[in-house]
Amino acid sequence: MGFIYTASSLLVLCTLASARVPLLYRDNISTNITSETFFNGTCTADTVTIRKEWRNLNDDEKTAYIDAELCLMSLTGTTGLPGAEDMFSDLQAVHQHWTNTTDGDIIHSVGQFLPWHRWFVYTHGKLLEEQCNYTGTLPWWDEALDAASGNFFQSNMWDDETGFGGNGSSPDNCVTTGPFANRTIHVGPMEATTDYCFKRDWNNTLGVADALQSNVDECYAYNDYLSFWKCL
């Protein structure tokens, strides 16, 4: 249930029933990409959205974002995919769908990984705007700031009151604090469709090692996907 997007791993459209959804969920997508218009001149300095790192949001902005996500979780799903009971799980189910096709996983470890997930993140944001009247920006997490401190989970992003809540609790790692406490997930784990609690199981050692600024800089220096994919 991730919806914070990280600097190193960069956590959709009017509605999932809109005409744009087929780009995320269709099996007969055109192979003639030259027939599709990707750049139409509407993105300008006046219309571009600036995404903010979580710590750069004020408390009102943080609350507005979390409330919008909770709103999305309260709306009835529209995709009809297995486990997609609400509009947030619609997103989870669409992602799961394309990892388990007759051709296998076609959105990870392939050249379309980055464009597909950028479109996916964009669609998520449009759902928040158009379904839940969210007027803010999608936040992201600068992991390198926390890796440098040695405490990977020091960010106030994990605050129970103004953030996403803390780590999971033993013995099953279910999250019991914050705005998403005690939630039941219906899509997953992995390719399954079962009911299970929303979990977190933090690994500070791994987080610090992987998200060091030197690793981020090395990844950003690559200029081709084949070299870059090992960073994902």
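Met190 counts as exposed, since its relative accessibility is 73% and the cut-off for exposed is over 50%. The model described here is predicted. Met190 sits in the loop between strand 3 and strand 4. Its phi is positive, near 50°, in a residue other than glycine. Most residues other than glycine have a negative phi, and most peptide bonds are trans.

Pro189 is also placed in the loop between strand 3 and strand 4 (196–197). The peptide bond that joins Gly188 and Pro189 is cis, with omega about -5°.

## The loop between helix 4 and strand 3

The loop between helix 4 (143–149) and strand 3 (184–185) contains Pro171. The bond leading from Ser170 to Pro171 is a cis peptide bond, and its omega is near 5°.

Asn173 lies in the loop between helix 4 and strand 3 as well. Although Asn173 is not a glycine, it has a positive phi of about 65°. Its relative accessibility is 23%, so Asn173 counts as partly exposed.

## Overall layout

The chain has seven helices and four strands. Along the sequence these elements follow the order β-α-α-α-β-α-β-β-α-α-α. The chain has 232 residues, and 38% of them count as buried.

## Nonpolar core

The largest nonpolar core is made up of 38 residues. Trp54, Tyr65, Leu72, Leu128, Phe152 and Phe164 are the members with the most contacts inside this core. At least two core residues come from each of helix 1 (59–74), helix 2 (87–98) and helix 3 (113–132).

## Helix 1 against helix 2

The axes of helix 1 and helix 2 come within 5 Å of each other and cross at roughly 80°. Helix 1 is therefore roughly perpendicular to helix 2, as angles of 65 to 115 degrees are counted that way.

On the helix 1 side, Glu69, Leu72 and Met73 take part, and they meet Met87, Phe88 and Leu91 of helix 2. Sorted by class, this contact of helix 1 with helix 2 has five nonpolar residues, one charged residue and no polar residues.

## Helix 2 against helix 3

Helix 2 packs on helix 3 at an angle of about 165°, and the axes are 11 Å apart. The two helices are therefore roughly antiparallel to each other. The crossing of helix 2 with helix 3 is right-handed.

Helix 2 contributes Met87, Phe88, Leu91, Val94, His95 and Trp98 to the contact, while helix 3 contributes Trp116, His117, Phe120, His124, Leu127 and Gln131. By class, the contact of helix 2 with helix 3 has eight nonpolar, four polar and no charged residues. Met87, Phe88 and Leu91 of helix 2 also meet residues of helix 1.

Gly111 is located in the loop between helix 2 and helix 3. Its relative accessible area is 54%, so Gly111 is exposed.

Notes
Residues are numbered from 1 along each chain as its sequence is written. This is a predicted model: local features need pLDDT of at least 70, side-chain atom pairs count only at pLDDT 80 or more; totals for chains, interfaces and linings use all residues. Side-chain values use heavy atoms; hydrogens and water are left out. A nonpolar core is a set of buried Ala, Val, Leu, Ile, Met, Phe, Trp, Tyr and Cys residues joined through side-chain atoms within 4.5 Å. Buried means under 20% relative accessible area, exposed over 50%, partly exposed in between (1.4 Å probe, protein chains only). Axes are lines fitted to C-alpha atoms, for helices over the stretch in contact, and angles run from 0 to 180 degrees between N-to-C directions. Angles under 35 degrees count as roughly parallel, over 145 as roughly antiparallel, 65 to 115 as roughly perpendicular and the rest as oblique. Contact means heavy atoms within 4.5 Å. Ala, Val, Leu, Ile, Met, Phe, Trp, Tyr, Cys and Pro count as nonpolar, Asp, Glu, Lys and Arg as charged, and the others, Gly among them, as polar. A crossing is left-handed if the near helix is turned anticlockwise from the far one by less than a right angle, and right-handed if clockwise.
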